[in-house]
Amino acid sequence: MKIGILSSGGDCPGINATIRGVGKAAMTYGMEVIGVLDGFSGLMFNDYIQLDERQLSGILTLGGTILGTSREKPFKKKEGDLIADKPQMIKQNCAKMGIDCLVCVGGNGTQKTAAQLSGIGLNVVGIPKTIDNDVWGTDVTFGFDTAVNIATEAIDRLHSTANSHKRVMVIELMGHHAGWITLYAGIAGGGDVILIPELDYNINKVNEVLMERSRKGKPYSIVVVAEGIKTGKKEGMPAGAYIAEQIEKETKIETRVTVPGYTLRGGSPSPLDRIIATRMGTYAASLINQQDFGKMVALHHNEMTSVPLKEVGGKLRLVPHDHFLIKQAKRVGTFFG
Ligand code: F6P
């Protein structure tokens, strides 16, 4: 049996650990492994490399993806597309490359494409990855823990400088639709205000909370915001900049913004992400060995399992309004807007 692995969509720490997990485990079943380059583009242009023990060694701790990635969505027609029927071309190329099963490592968009490829008759297994932790059907994605660690360290470092200058520090974290990173890092870093896309906020109330803190003699405040929160009439303005502007205007407290941006996605995966990636990768290989295709591997209550790809596509796992962490954070005085 020959399997092809690809990574697609935004990268995150732990992809290489996953490729290693799938590849090494697949080899123990006697499978041949190739790596398709640059996501689904590689399938359109027959761009791939042979993966053997050598390529899979020493990549457990490596950030990024040795296979490259792209945001190519073959089922979405774009103006100027040179290839008339990308899905059919992919199907033919998979046959040409001799791929018996395709392993798609990616977030929501990738899992949707994986489901569609499975729908046109390819054998596919999906593995969920994203720092946003918003893939439906799994309790957690690898990449998230590393991102929370980096974001928390950034918040930790804001406390002392905020204190020296008696400022409000706004930090904007990644997460367009889902506020998981902001929720976890916000709580771990002791944010005074946490704003996530799932919860509506009232900027006047945020300002009241900050002024009340100042009246009580608290020298500074930390406001942690997800990039995807609404920015009122200033649509298009970065969330952190918008919130900082509103705070400074109303409270007259000097306010600064920090955006760690892509640092959350870069570099070596945390030990936990290496473990999740290895578990997911090796589990994917065992699904393939059992010819159990059309599935995405998932973690449920810390047990490896799988969910049908067609159930995953097009859904998002968002922070529930009554999430236990929100309730607990409120009990220590954190304000959610
Ligand atoms: O999917 C993860 C994510 O990091 C989002 O949080 C972020 O908004 C997005 O990717 C941006 O990625 P890119 O600029 O690579 O499209």
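A salt bridge is taken here as a side-chain nitrogen of Lys or Arg within 4 Å of a carboxyl oxygen of Asp or Glu. By this criterion, the count between domain 1 and domain 2 is 1 salt bridge, in which the side chains of D11 and R265 meet at 3.1 Å, N to O. The model is predicted, with local features requiring pLDDT of at least 70 and side-chain atom pairs counted only at pLDDT 80 or more, whereas totals for chains, interfaces and linings use all residues. Residues are numbered from 1 along each chain as its sequence is written, and side-chain values use heavy atoms, with hydrogens and water left out.

The domain assignment of the chain, with bounds from an automatic or database assignment, gives domain 1 as 2–143 + 269–312 and domain 2 as 147–265. The centres of the two domains, taken over C-alpha atoms, are separated by 35 Å. At their interface, 11 residues of domain 1 are in contact with 10 residues of domain 2, contact meaning heavy atoms within 4.5 Å. The area buried between the domains (the accessible area, with a 1.4 Å probe, that two parts lose on being put together, summed over both) is about 790 Å², of which carbon and sulfur atoms give 51%. In domain 1, D11, I131 and D132 lose the most area to domain 2, together accounting for 54% of what that side buries.

The ligand is surrounded by R71, I131, D132, M174, G175, H176, E227, Y262 and R265, a residue being included if one of its heavy atoms lies within 4 Å. An oxygen atom of the ligand is 2.5 Å from an N or O atom in the side chain of E227, and a polar side-chain atom of R265 lies 2.8 Å from a ligand oxygen.

Conventions:
Polar contact = N/O pair within 3.5 Å; in protein donor to acceptor, adjacent residues only side chain to side chain.
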